[in-house]
Amino acid sequence: MTADVITIFPRLIEAGLEAGVIGRARERGIVDLRVRDLRDYTDDRHRTVDDVPYGGGPGMVMKPEPIFRAVEAIAAERGPASAVILMTPQGRTLTQGLARELSRLERLVIICGRYEGVDERVAEALVTSEISIGDYVLTGGELPALVLLDAVTRLVPGVVGDAASVDADSFDGGLLDCPHYTRPAVFRGLAVPDVLLSGNHGEIERWRRRQRLLRTMARRPDLLARAELSADERRALEQGELEREAEALAAKPRAAAAGAVEIEKKRREP
Ligand code: ADE
């Protein structure tokens, strides 16, 4: 997979792509991620990328010409893009499913918006998908582009050494992940569940699956409608067999730091 990120803050993107799993995947040549400075595609002395909005109003709008030039230059160099993505809060919300779809594409081009917005003709005539990372507004598309690239790159075969660890993640099969523990077995009076110390792998797998179900019920019941469940699990769910345990989990008190405010009381949707 290749990805080219068009931005006015190339160092910000570079820094985000250097470290960890993604950095190693780049070094090993599994993915080819490049950063393009939008100002390199301007044609005036001041390397201007924005202008005042038609119709008036606050802020500046990103000009179409440098963005078109950048995307066309990338296509000439790399071949036509499989997707031209604009990061914007107006886009389709990024999900694990969308990340998986994108991870199967060969050539991504990602445009980071800034200022009040991007000239609409970019969305109309250049962009194939507008993507948001959630219902909140950031100062620009750079952090969203890094989020997108991180989520997508780790799904490219060979990037994460242990493929099983990618498959067991939260959202795989539409469920949240189970709790994880490491040594010591008792820490400040908090014990690791016995089953994990039992060495009984069948039991451990059953416990983990049940925890994923319970967590999803307690925290994100909206996910259950589309989750991949066995007939037995679906039946147990419909008959309310896990309901009480999930409610107990949802009501379980969390750590309260001195003076901390409880931000979100109600976790379960009505
Ligand atoms: N640019 C600003 N906010 C954004 C968001 N939530 N998602 C994608 N791009 C953005």
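Here is a short chat about how some labels in this predicted model are reached.

User: Why is Phe171 called partly exposed?

Analyst: Phe171 has a relative accessibility of 36%. Buried means under 20% and exposed means over 50%, so at 36% Phe171 counts as partly exposed.

User: Where does Phe171 sit, and which residues does Phe171 touch?

Analyst: Phe171 lies in the loop between helix H7 (163-167) and strand E9 (186-187). Leaving aside residues up to four places away in sequence, Phe171 touches Gln96, Leu176, Arg212, Arg220 and Leu223. Contact here means heavy atoms within 4.5 Å. As for Thr95, 76 residues apart from Phe171 along the chain, the two C-alpha atoms are separated by 8.9 Å.

User: What makes strands E5 and E6 a pair?

Analyst: Pairing needs at least two bridges, and E5 (residues 83-93) and E6 (residues 107-112) have five, in the parallel sense. Leu86, for instance, has Ile111 in E6 as its bridge partner. Between E5 and E6 the chain passes through helix H4 (residues 96-103), and this β-α-β crossover is right-handed.

User: How many bridges join E5 to E8?

Analyst: Five bridges join E5 to strand E8 (residues 129-132), and the two run parallel. Met87 has Ile131 in E8 as its bridge partner.

User: Why are E3 and E7 called edge strands?

Analyst: The open sheet of three strands has the order E3-E4-E7, with mixed pairing. Strand E3 (50-51) and strand E7 (117-118) each pair on one side only, and they are the edge strands. E3 pairs with E4 (residues 61-62) in the antiparallel sense over two bridges, and the bridge partner of Asp50 in E4 is Met62.

How values were computed:
Residues are numbered from 1 along each chain as its sequence is written. This is a predicted model: local features need pLDDT of at least 70, side-chain atom pairs count only at pLDDT 80 or more; totals for chains, interfaces and linings use all residues. Side-chain values use heavy atoms; hydrogens and water are left out. Helices (H or I, at least four residues) and strands (E, at least two) are DSSP runs, numbered from the N terminus. Buried means under 20% relative accessible area, exposed over 50%, partly exposed in between (1.4 Å probe, protein chains only). A crossover is right-handed if, with the strands pointing away from the viewer, the path from the first strand over the helix to the second runs clockwise.
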